[in-house]
Amino acid sequence: MLPTTTVRSRRQVKILITGGSGRLGTELRDLIPDLVAPSSAELNLTDAQSVLEVVRREQPDIIVHTAAYTNVGGAEKERAKCWAVNVEGTRHIAQAANEVGAKLVHISTDYVFDGQTGNYQEDDTMGPVVNYYSLTKLVAEEAARAAGSHLIIRTSFRPREFAYPVAFSDVFTGQDYVDIIAPEVALAVQHALVISDEVLHIATERKSVYELARRRKPDVREGTRAEAGVTLPGDVSLNTGRWEVLKAELTNAEA
């Protein structure tokens, strides 16, 4: 929740984002003016020195870490690459944040849960993981916690249009399209320095992936997760009660 004292310096807060050309990063750049968004060539997550040099140069107040290896199926075949980006990259970002005293806002995923129950709250025990991507994101959360000041946002989103011909009716989620999720994440990012919670769930209501897909792709074929070719959790819907209360506070404070 918001701390009792929220007055800060009137100077503009400087925000650096990783993965600025990615799905969420692109949306956030449109929603938050003046984001510093170095390219992946300039800020190489797998190179600690590269990360540190950029962060030292920019001296951000907040680092929003959206960059990640997100191909769930590909992670099973490219484990070293997935680990290097998701785990080592997050370690490097956390170390750099500590170097300049920045707050780290780390974008995580609902896949850190096993999908047995759904309606997961922020303090629920993570794991056991069901695939390699999930493992790297779970460990990445622990890496993010090495930042002295941090906010972990668990969320899940799709491109603006559903990209596949089939959607699974036995996979349940709170995910939504990126243009629905991004404004919520942007609100949290812009107020990150006055948010005292260390973990927030930002998502929408529980639904099947098939139900979500039909909203923007009515002709999508209904399928089951047995067709996925990789093990998927059954229900990773997130409880967003904490965020809903905080969002109301932030919105009222802006009014």
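Leaving out neighbours up to four places away in sequence, Val178 is in contact with Arg23, Leu24, Glu27, Phe157, Arg158, Pro159, Arg160 and Pro183. Contact here means heavy atoms within 4.5 Å. Val178 lies in helix 6, residues 178-190. Helices (H or I, at least four residues) and strands (E, at least two) are DSSP runs, numbered from the N terminus. Val178 has a relative accessible area of 2%, so it is buried. Buried means under 20% relative accessible area, exposed means over 50%, and partly exposed is in between (1.4 Å probe, protein chains only). Val178 and Ser156 are 22 residues apart along the chain, and their C-alpha atoms are separated by 8.4 Å.

This is a predicted model, in which local features need pLDDT of at least 70, side-chain atom pairs count only at pLDDT 80 or more, and totals for chains, interfaces and linings use all residues. Residues are numbered from 1 along each chain as its sequence is written, and side-chain values use heavy atoms, with hydrogens and water left out.

Leu104 is found in strand 3. Its relative accessibility is 0%, so Leu104 counts as buried. Leu104 touches Ile63, His65, Ile93, Ala94, Ala97, Ala144, Ala147, Ser149, His150 and Leu151, with residues up to four places away in sequence not counted. Asp47 is 57 residues from Leu104 along the chain, and the two C-alpha atoms are separated by 18 Å.

Pro38 sits in the loop between helix 1 and helix 2. Pro38 counts as buried, at 10% relative accessibility. Again without residues up to four places away in sequence, Pro38 touches Leu16, Ile17, Leu43 and Val54. Pro38 and Val54 are 16 residues apart in sequence and 8.0 Å apart in space, C-alpha to C-alpha.

## Aromatic rings

The structure holds three aromatic pairs. Rings of Phe, Tyr and Trp (its six-membered ring) pair if their centres lie within 6.5 Å; planes under 30 degrees apart count as stacked, over 60 as edge-to-face and the rest as tilted. Two of the pairs are set out here.

| Pair | Centre distance | Plane angle | Type |
|---|---|---|---|
| Tyr111 and Tyr133 | 6.0 Å | 70 degrees | edge-to-face |
| Phe113 and Tyr120 | 4.3 Å | 5 degrees | stacked |

The pair of Tyr111 and Tyr133 links distant parts of the chain. Tyr111 is in the loop between strand 3 (103-109) and helix 5 (132-144), and Tyr133 is in helix 5, 22 residues apart. Tyr111 and Tyr133 are buried. In the stacked pair, Phe113 is buried with a relative accessible area of 0%. Tyr120 is buried too, with a relative accessible area of 5%.

The charged end of Arg206 sits over the ring of Phe172, 4.1 Å from its centre. This label requires NZ of Lys or CZ of Arg within 6 Å of the ring centre and within 35 degrees of the ring normal.

## The largest pocket

About 1,300 Å³ of space lies in the largest pocket. On a 1 Å grid over the protein atoms alone, a pocket is an open set of points where a 1.4 Å probe fits, with protein on both sides within 12 Å along at least five of seven lines; lining residues have an atom within 4 Å of a point. The volume is the space filled by probe spheres set on the points, which are joined across faces, edges and corners.

Of the 46 lining residues, the closest to the centre of the pocket are Arg23, Thr70, Asn71, Val72 and Tyr164. The elements that give two or more residues to the lining include helix 1 (23-31), helix 3 (72-77) and helix 4 (79-100). Helix 3 gives the most, with five residues. The lining divides into 24 nonpolar, 15 polar and seven charged residues. Ala, Val, Leu, Ile, Met, Phe, Trp, Tyr, Cys and Pro count as nonpolar, Asp, Glu, Lys and Arg as charged, and the others, Gly among them, as polar.

## Backbone details

The peptide bond from Gly127 to Pro128 is cis, with omega near -5 degrees. Pro128 lies in the loop between strand 3 and helix 5.

Asp34 is not a glycine, yet it has a positive phi of about 70 degrees. Asp34 is found in the loop between helix 1 and helix 2 (48-58). At 59% relative accessibility, Asp34 counts as exposed. Gln59, also a residue other than glycine, has a positive phi near 50 degrees. Gln59 is in the loop between helix 2 and strand 2 (62-65). At 46% relative accessibility, Gln59 counts as partly exposed.
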